[in-house]
Amino acid sequence: MHQNFNLIIEILGTISFAMSGAFAAMQKRFDPFGVLIISFVTAVGGGTVRDLLLDVPVFWMRDMVMCSVIFITCIVAMVFKSLESRFRVTLFLFDSFGLGLFTIVGIQKGMNADLHPIICITLGTITGCFGGIIRDILLNRIPLIFRKEIYATASIVGGTIFLLLVYHTRLSYTFVQISTILLIVLIRTLAVKYHWQMPKFYGVDNNSEA
Amino acid sequence: MHQNFNLIIEILGTISFAMSGAFAAMQKRFDPFGVLIISFVTAVGGGTVRDLLLDVPVFWMRDMVMCSVIFITCIVAMVFKSLESRFRVTLFLFDSFGLGLFTIVGIQKGMNADLHPIICITLGTITGCFGGIIRDILLNRIPLIFRKEIYATASIVGGTIFLLLVYHTRLSYTFVQISTILLIVLIRTLAVKYHWQMPKFYGVDNNSEA
Amino acid sequence: MHQNFNLIIEILGTISFAMSGAFAAMQKRFDPFGVLIISFVTAVGGGTVRDLLLDVPVFWMRDMVMCSVIFITCIVAMVFKSLESRFRVTLFLFDSFGLGLFTIVGIQKGMNADLHPIICITLGTITGCFGGIIRDILLNRIPLIFRKEIYATASIVGGTIFLLLVYHTRLSYTFVQISTILLIVLIRTLAVKYHWQMPKFYGVDNNSEA
């Protein structure tokens with residue numbers, strides 16, 4: 001049962017990030033193959049880096065489930081696009097759900113490999129954030145993760161609470177999964193809505209060489 | 001025989017991309033070591049990502065053939081450069097041949113690992129396109145693959161035709177290899193010459209956050 | 001004894017690059033989690049790529065030493081920051097020491113895997129340079145390595161001298177390690193102080209498409 005539910009979470013995360021990548025590429029006026037490539041890279045980027053780090057088979061290579069999901073999502077995004085053009089909110093929601101879903105997937109894969117909880121949270125953050133970072137680098141934008149709103153913070157906080165609830169409470173595993181995913185989406189949404197920001201460093205930026 | 005011919009294709013692809021990287025770096029006025037590094041990364045980037053995904057030994061690490069080829073190509077490019085400065089056409093031709101040659105190499109490695117044809121085409125596209133993407137990111141340019149002309153499309157179309165010919169005809173394997181490589185170069189060349197483009201999406205780009 | 005000394009070198013290199021990443025991120029006015037992420041990626045980036053290429057376990061995943069070192073370094077950098085704002089020199093020094101220390105670590109890991117000396121030097125350069133390249137790509141700067149001063153050159157020259165001294169002299173191994181690391185830092189420092197540059201290629205840059 002767990003196994004099936006984990007697959008569902010992984011598929012939902014893949015759909016979310018594939019949508020997010022496809023919309024971002026359409027917004028940049030790419031052609032259909034460009035949209036497909038950006039969508040693919042956004043959806044599998046984080047999980048691929050995680051699987052390479054863990055030295056386990058890369059999750060999208062041995063069966064066609066993930067590739068099919070991405071392909072269908074891309075077609076849906078292209079069709080949906082011609083009906084709907086409020087990209088900003090759509091992109092934001094898919095990106096937030098992808099972050100929540102993939103953070104939990106990444107932490108679980110780290111737990112399966114018996115890694116230290118801190119390393120598990122790191123893997124969760126990598127799984128959740130890297131797809132979006134690669135997408136933004138390819139689209140030549142400043143990665144969303146480093147723009148002003150709380151992003152990686154939501155992933156780190158959600159991941160920590162997930163591990164605390166799993167190890168220190170008797171709550172149902174599935175309940176903990178769902179509520180942590182929603183918590184991450186909620187933190188992200190409230191952060192953007194109410195312009196929450198972490199305190200920043202004020203450096204001597206006029207000395208910047210960039 | 002197949003084995004030898006495959007090695008020849010891999011070496012020719014490496015020469016093409018090493019040339020392409022070296023010329024791009026000289027155009028940006030890098031010093032000789034910078035030219036060598038960009039040349040190396042362009043030539044091995046796609047194949048390295050492919051081998052990491054397949055979890056097979058990285059192709060340039062166990063013998064000195066590829067490193068020697070890249071080193072000699074770089075020297076030739078630097079000497080050739082002082083005689084010749086029509087970079088644009090030269091760069092384009094080497095890049096197109098590299099794309100064709102490496103697409104077929106990538107697909108073959110996927111077939112050797114008994115992967116699904118769609119995954120094989122994905123690996124071919126990654127092998128053909130990633131070296132150039134990394135080169136362009138390091139040179140701080142918008143990746144060539146996402147500029148207006150057909151690029152990844154040529155790789156995907158050529159790769160699909162390659163697999164169809166291999167599995168559904170009785171044509172000689174070597175003939176299929178050579179003709180698909182030339183087809184990819186031809187699609188790229190015609191696309192640039194006649195400004196072929198895929199239809200694009202026209203989004204609400206004034207809402208762009210980038 | 002060698003083993004312990006190698007661990008010390010790896011930890012010192014990690015501290016240097018974690019500092020360099022943290023200062024660069026504070027200079028860009030990131031929030032504390034952003035500083036932590038850039039610091040982490042800068043410190044582990046080069047070694048991670050090296051370990052993936054060698055197909056050995058990634059060095060920071062199996063124990064908590066490196067993660068703890070990076071975390072503490074980050075805290076120190078944030079506190080130290082509020083007392084001190086001469087980023088440019090600090091950043092430069094940490095970056096140079098990281099380059100020297102990680103170059104030697106990378107070469108040693110290649111020697112342990114019985115690779116060809118040229119491949120070992122390549123691995124040393126990758127270990128020394130990739131963390132900084134990833135840091136600069138994430139910060140949206142032209143990678144430091146491709147700006148005007150000698151950088152990869154210092155790593156390649158230092159690495160070559162290290163291998164020559166190890167294989168062709170009877171000097172103590174630890175002495176060779178320390179002196180080559182200091183040599184790399186010295187080359188970098190003198191290069192910046194006296195504006196040493198490699199001769200460059202003067203291309204038809206007005207034809208540049210970028």
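1. In chain C, the axes of helix α2 (residues 32–54) and helix α5 (residues 117–138) come within 7 Å of each other and cross at roughly 140°, where axes are lines fitted to C-alpha atoms, for helices over the stretch in contact, and angles run from 0 to 180 degrees between N-to-C directions. Helices here are DSSP runs (H or I, at least four residues), as strands are (E, at least two), numbered from the N terminus. At that angle α2(C) and α5(C) are therefore oblique to each other; angles under 35 degrees count as roughly parallel, over 145 as roughly antiparallel, 65 to 115 as roughly perpendicular and the rest as oblique. The crossing of α2(C) and α5(C) is right-handed, a crossing being left-handed if the near helix is turned anticlockwise from the far one by less than a right angle, and right-handed if clockwise.

2. A word on the basis of this note: this is a predicted model, in which local features need pLDDT of at least 70 and side-chain atom pairs count only at pLDDT 80 or more, whereas totals for chains, interfaces and linings use all residues. Residues are numbered from 1 along each chain as its sequence is written, chains are lettered from A and ligands numbered from 1 in the order in which they are written, and side-chain values use heavy atoms, with hydrogens and water left out.

3. The residues that meet between α2(C) and α5(C) include C:Gly45, C:Gly46, C:Gly47 and C:Arg50 on the α2(C) side, and C:Phe130, C:Gly131, C:Gly132 and C:Arg135 on the α5(C) side, contact meaning heavy atoms within 4.5 Å.

4. Over all chains the structure holds 15 salt bridges. One of them joins the side chains of A:Glu10 and A:Lys109, at 3.9 Å, N to O. Because A:Glu10 lies in helix α1 (residues 2–27) of chain A and A:Lys109 in helix α4 (residues 87–112) of chain A, the pair ties together parts that are 99 residues apart in sequence. A:Glu10 counts as buried at 10% relative accessibility, while A:Lys109 counts as partly exposed at 23%.

5. Chain A has 7 helices and 0 strands, and its pattern along the sequence reads α-α-α-α-α-α-α. Of its 210 residues, 59% count as buried. Where contacts in chain A join residues at least 6 apart in sequence, 73% of those contacts join residues at least 24 apart.

6. Helix α6 (residues 152–168) and helix α7 (residues 173–193) of chain A pack at an angle of about 160°, with their axes 9 Å apart. That angle makes α6(A) roughly antiparallel to α7(A), and the crossing of α6(A) and α7(A) is right-handed. Among the residues that meet are A:Ile161, A:Phe162 and A:Leu165 in α6(A), and A:Leu183, A:Ile184 and A:Ile187 in α7(A).

7. A:Thr125 lies in helix α5 (residues 117–138) of chain A and is buried, with a relative accessible area of 10%. Not counting residues up to four places away in sequence, A:Thr125 touches A:Phe130, A:Ala152, A:Ser155 and A:Ile156.

8. In chain B, the 17 residues of helix α6 (residues 152–168) should span 24 Å at 1.5 Å a residue, and the end C-alpha atoms are 24 Å apart, which agrees; the expected span is 1.5 Å times one less than the number of residues. The buried residues of α6(B) include B:Ala152, B:Gly158, B:Gly159, B:Phe162 and B:Leu163.

9. A:Asp55, in the loop between α2 (32–54) and α3 (65–83) of chain A, has phi near 55°, a positive value in a residue other than glycine, and is partly exposed, with a relative accessible area of 43%. B:Asp114, in the loop between α4 (87–112) and α5 (117–138) of chain B, has a positive phi of about 55° although it is not a glycine, and is exposed, with a relative accessible area of 69%.

Conventions: Salt bridge = Lys/Arg side-chain N within 4 Å of Asp/Glu carboxyl O. Buried < 20%, exposed > 50% of the residue type's maximum accessible area, 1.4 Å probe, protein only.
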